[in-house]
Amino acid sequence: MSMFKIFDISGSAVSAQSQRLNTVASNLANVDTLAGPDGKAYKARQVTFQTVLMNTGDGSPGAGVKVSGVSEDQTPGRRVHEPSSPNADADGYVTYSNVNAVDEMVNMISASRSYQNNIEVMNTAKTLLMKTLQMGQGG
Amino acid sequence: MINRLTDTLDFQAQALSLRAERQRLIASNIANADTPGYVAREMDFARALREATGHATGPTALAATHPGHLALPTGAASASGLAYAAPSQTNLDSNTVDMDRERASFADNSVKYEATLRFINTHVKFMLDAMKSANQG
């Protein structure tokens with residue numbers, strides 16, 4: 001019964017999207033993180049999605065999603081002139097993380113919409129399967 | 001005679017499994033809406049149903065001119081009839097999933113799946129009614 005595979009497919013997408021939401025959350029949490037003593041501030045993280053083919057048993061394709069990797073944004077962090085800060089360097093600058101809050105918010109909305117989409121797909125598949133189970137019972 | 005009783009049912013059963021397959025296909029597309037490089041796929045339902053019920057005509061049917069020729073797999077499970085959806089708007093990450101179209105196809109397919117189910121249920125009910133003797137009520 002190929003409809004059962006929908007739960008695997010949409011489930012993999014939901015877990016990939018929730019991992020994306022997780023990285024957005026850690027990026028947003030670190031938006032104002034200062035560089036530590038080593039001079040390196042938090043770097044924004046970004047997940048990469050990849051299609052994973054699923055064995056559906058009957059040879060027809062089913063395509064799920066997986067997170068193939070988490071990459072760090074290598075752009076230099078934001079430098080702000082704050083001579084009074086205990087973390088300031090010799091020139092009076094402190095380095096913040098390179099997280100762009102606007103990018104992260106956009107990313108968050110996109111991830112949450114995709115998450116909702118996949119949940120709705122699963123709900124519809126569940127309704128259809130329940131009706132299939134009642135096949136031939138009069139009704 | 002028993003064939004005639006089940007012929008309609010068989011057709012609807014093929015249609016139902018094809019609908020389930022298309023549902024899964026669309027679910028795959030929706031799941032991969034954010035995957036870079038993913039190419040959306042779509043099913044030519046009418047053609048797939050013709051092939052599944054053995055009414056394939058024209059270029060989709062292969063001629064067997066040699067005893068060693070293998071027949072195309074028939075039945076709902078065959079992956080033929082799958083095509084790549086043409087992108088309506090190009091994307092920077094070359095993903096061709098058009099979410100509006102996929103959602104519309106998904107809703108359309110759900111309704112038609114339910115319709116097929118209802119056809120089957122009604123057919124079963126008709127047959128049961130016909131089998132009942134007149135004095136049983």
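Helix α1(B) bends by about 30 degrees at T8(B), in what is a predicted model. Despite that bend at T8(B), the distance between the end C-alpha atoms of α1(B), 43 Å, agrees with the 44 Å that its 30 residues should span at 1.5 Å a residue. The helix also carries Q23(B), a buried residue that touches residues of both chain A and chain B.

**Helix α1 of chain B and residue Q23(B)**

- Helix α1 of chain B runs over residues 2–31, and Q23(B) is found within it.
- Q23(B) counts as buried because its relative accessibility is 0%, where the cut-off for a buried residue is under 20%.
- Leaving aside residues up to four places away in sequence, Q23(B) touches M3(A), I6(A), T124(A) and L128(A) from chain A, together with F106(B), N109(B) and S110(B) from chain B.
- With S110(B), one of these neighbours, Q23(B) also makes a polar contact between side chains, at 3.2 Å.

**Chain B as a whole**

- Chain B contains three helices and two strands, which follow one another along the sequence in the pattern α-β-α-β-α.
- Of the 137 residues in chain B, 38% count as buried.
- Among the contacts in chain B with a separation of 6 or more, 79% are made by residues 24 or more positions apart.

- The size of an interface is often given as the accessible area lost when the parts come together.
- For chain A and chain B the area buried between them is about 2,700 Å², of which 59% lies on carbon and sulfur atoms.
- Chain A gives 36 residues to the contact, and chain B gives 28 residues.
- Between the two chains there are three salt bridges, and the count of residue pairs in polar contact, both at pLDDT 80 or more, is ten.
- On the side of chain A that touches chain B, the elements giving two or more residues are α1 (5–29), β1 (45–54), β2 (62–72) and α2 (101–133) of chain A.
- Of that side of chain A, the largest share comes from α2(A), which supplies ten residues.

**Helix α1 of chain A**

- Helix α1(A) has 25 residues and reaches 36 Å from its first C-alpha to its last, close to the 36 Å expected at 1.5 Å a residue.
- The buried residues of α1(A) include I6(A), I9(A), A13(A), V14(A) and V24(A), and also Q17(A), R20(A), T23(A) and N27(A).
- The cover over these buried residues of α1(A) includes β1, β2 and α2 of chain A, together with α1 of chain B.
- I6(A), one of the buried residues of α1(A), is also among the residues that Q23(B) touches.

**Salt bridges between the chains**

- Side chains of opposite charge can pair when their charged atoms come close.
- E120(A) and R103(B) form a salt bridge, with their closest N and O atoms 2.7 Å apart.
- A salt bridge also brings together the side chains of K131(A) and E114(B), at 3.0 Å from N to O.
- This pair joins two chains, because K131(A) lies in helix α2 of chain A and E114(B) in helix α3 (residues 99–131) of chain B.
- K131(A) is partly exposed, at 34% relative accessibility, and E114(B) is likewise partly exposed, with a relative accessible area of 25%.

**Salt bridges within a chain**

- Over all chains, the structure holds twelve salt bridges.
- In chain A, D32(A) forms a salt bridge with R78(A), the closest N and O atoms being 3.4 Å apart.
- That pair links distant parts of the chain, 46 residues apart, with D32(A) in the loop between α1 and β1 of chain A and R78(A) in the loop between β2 and β3 (79–81) of chain A.
- D32(A) is exposed, with a relative accessible area of 52%, whereas R78(A), at 37%, is partly exposed.
- In chain B, the side chains of D108(B) and K112(B) meet in a salt bridge of 2.9 Å, N to O.
- D108(B) and K112(B) are four residues apart in helix α3 of chain B, so about one helical turn separates them.
- D108(B) is partly exposed, with a relative accessible area of 29%, and K112(B) is partly exposed at 36%.
- Salt bridges with shared partners join D108(B) and K112(B) with R22(B) and E42(B) into one network.

Terms used. Residues numbered from 1 in each chain as written. Chains lettered and ligands numbered in written order. Predicted model: local features only at pLDDT ≥ 70, side-chain atom pairs only at ≥ 80, totals over all residues. Heavy atoms only, no water. Buried < 20%, exposed > 50% of the residue type's maximum accessible area, 1.4 Å probe, protein only. Polar contact = N/O pair within 3.5 Å; in protein donor to acceptor, adjacent residues only side chain to side chain. Contact = heavy atoms within 4.5 Å. Expected span 1.5 Å × (residues − 1). Bend = angle between axes of the 7 residues up to and from the residue. Buried area = accessible area lost by both parts, 1.4 Å probe. Salt bridge = Lys/Arg side-chain N within 4 Å of Asp/Glu carboxyl O.
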